Structures are given as C-alpha cells and as structure tokens.
Amino acid sequence: EVQLVESGGGLVQAGGSLTLSCVASGFTFDEYAIAWFVQAPGEGPLGVACINSDGKIYYSTTVEGRFTISKDSAKNMVYLQMNNLAPEDTGVYYCAAGTGYLHRGEYDHWGQGTQVTVSS
C-alpha cells in the first residue's frame with residue numbers, strides 16, 4: 001500500500017521558517033517524482049516544489065528563492081525547507097508521488113496534508 005505521511009506544519013509569524021517532512025512507503029521511492037502542493041481555503045492544490053525521478057528540481061515562481069526541496073533516498077524522506085514565510089503561504093501542504101513537474105494531474109498518490117498558518 002502506497003503511503004505518504006507529512007509532518008512539520010504549524011503556526012509561524014511572517015518572516016519565519018518551517019521545515020516539512022514526508023515519509024513514503026509502499027513503492028520504489030526513486031522511480032517516482034515527489035512534490036509538495038499547497039491548498040488554500042476554497043482553492044485547488046497548487047504545485048510548490050518537486051523532485052523528478054531524474055533528480056531535477058522545479059519550484060513555482062511564488063516560492064523560488066525561499067523554499068528548498070530535498071530528499072533522502074536512504075530514508076524514503078522528502079523535505080521542504082520554507083524560509084521568509086508570508087501570510088499568502090498559508091494552507092494545507094500535501095506531499096504527493098507521481099510522474100513529475102508541478103501539475104496535480106501528474107500525481108496519483110497523496111498524503112493527508114499538514115496545516116501551515118503564517119500570521120502577519
């Protein structure tokens with residue numbers, strides 16, 4: 001059974017930092033792209049960052065330069081380091097596994113999400 005479990009969300013002030021973690025199981029980790037999506041209230045999930053199976057990394061323009069995605073294949077873990085957070089970054093952050101890039105249609109497996117709230 002494919003499982004993705006996120007952790008690390010919370011409440012932080014604007015300008016602060018958080019690191020999200022995602023542990024994966026039930027599939028061959030390095031054969032999939034792993035991505036982070038954020039869903040704000042009333043909106044669909046938007047791609048934030050991904051690592052494709054070939055190791056290439058992509059960021060949305062809204063987070064490039066502030067967020068860093070990384071993975072530890074030995075532990076089946078993916079991380080999202082988020083710096084200089086802004087209230088607009090608020091939402092539920094999901095870890096997802098799929099074929100790649102930042103379009104949610106490319107991802108078949110999703111975690112349950114972790115809430116990030118950035119106060120102004």
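Visitor: How many disulfides does the structure hold?
Guide: This is a predicted model. The structure holds 1 disulfide.

Visitor: Why is the link of cysteine 22 and cysteine 95 called a disulfide?
Guide: Their sulfur atoms are 2.1 Å apart. The cut-off is within 2.5 Å, so the pair counts as a disulfide. A disulfide is a covalent bond between the sulfur atoms of two cysteines.

Visitor: What does the pair tie together?
Guide: Cysteine 22 sits in strand β3 (residues 18-25), and cysteine 95 in strand β9 (residues 91-98). The pair therefore ties together parts that are 73 residues apart in sequence.

Visitor: Is that link left-handed or right-handed?
Guide: The link of cysteine 22 and cysteine 95 is left-handed, with -75° about the S-S bond. Both cysteine 22 and cysteine 95 are buried.

Visitor: How do you know that cysteine 50 is in no disulfide?
Guide: The nearest cysteine sulfur, that of cysteine 95, is 12 Å away. A disulfide needs sulfur atoms within 2.5 Å, so cysteine 50 is in none.

Visitor: Why does cysteine 50 count as buried?
Guide: Its relative accessibility is 0%. Buried means under 20%, so cysteine 50 counts as buried.

Visitor: What makes β3 and strand β8 (residues 77-82) a pair?
Guide: They share 6 bridges, in the antiparallel sense. Pairing needs at least two bridges, so β3 and β8 pair. The bridge partner of cysteine 22 in β8 is valine 78.

Key. Residues are numbered from 1 along each chain as its sequence is written. This is a predicted model: local features need pLDDT of at least 70, side-chain atom pairs count only at pLDDT 80 or more; totals for chains, interfaces and linings use all residues. Side-chain values use heavy atoms; hydrogens and water are left out. Helices (H or I, at least four residues) and strands (E, at least two) are DSSP runs, numbered from the N terminus. Buried means under 20% relative accessible area, exposed over 50%, partly exposed in between (1.4 Å probe, protein chains only).
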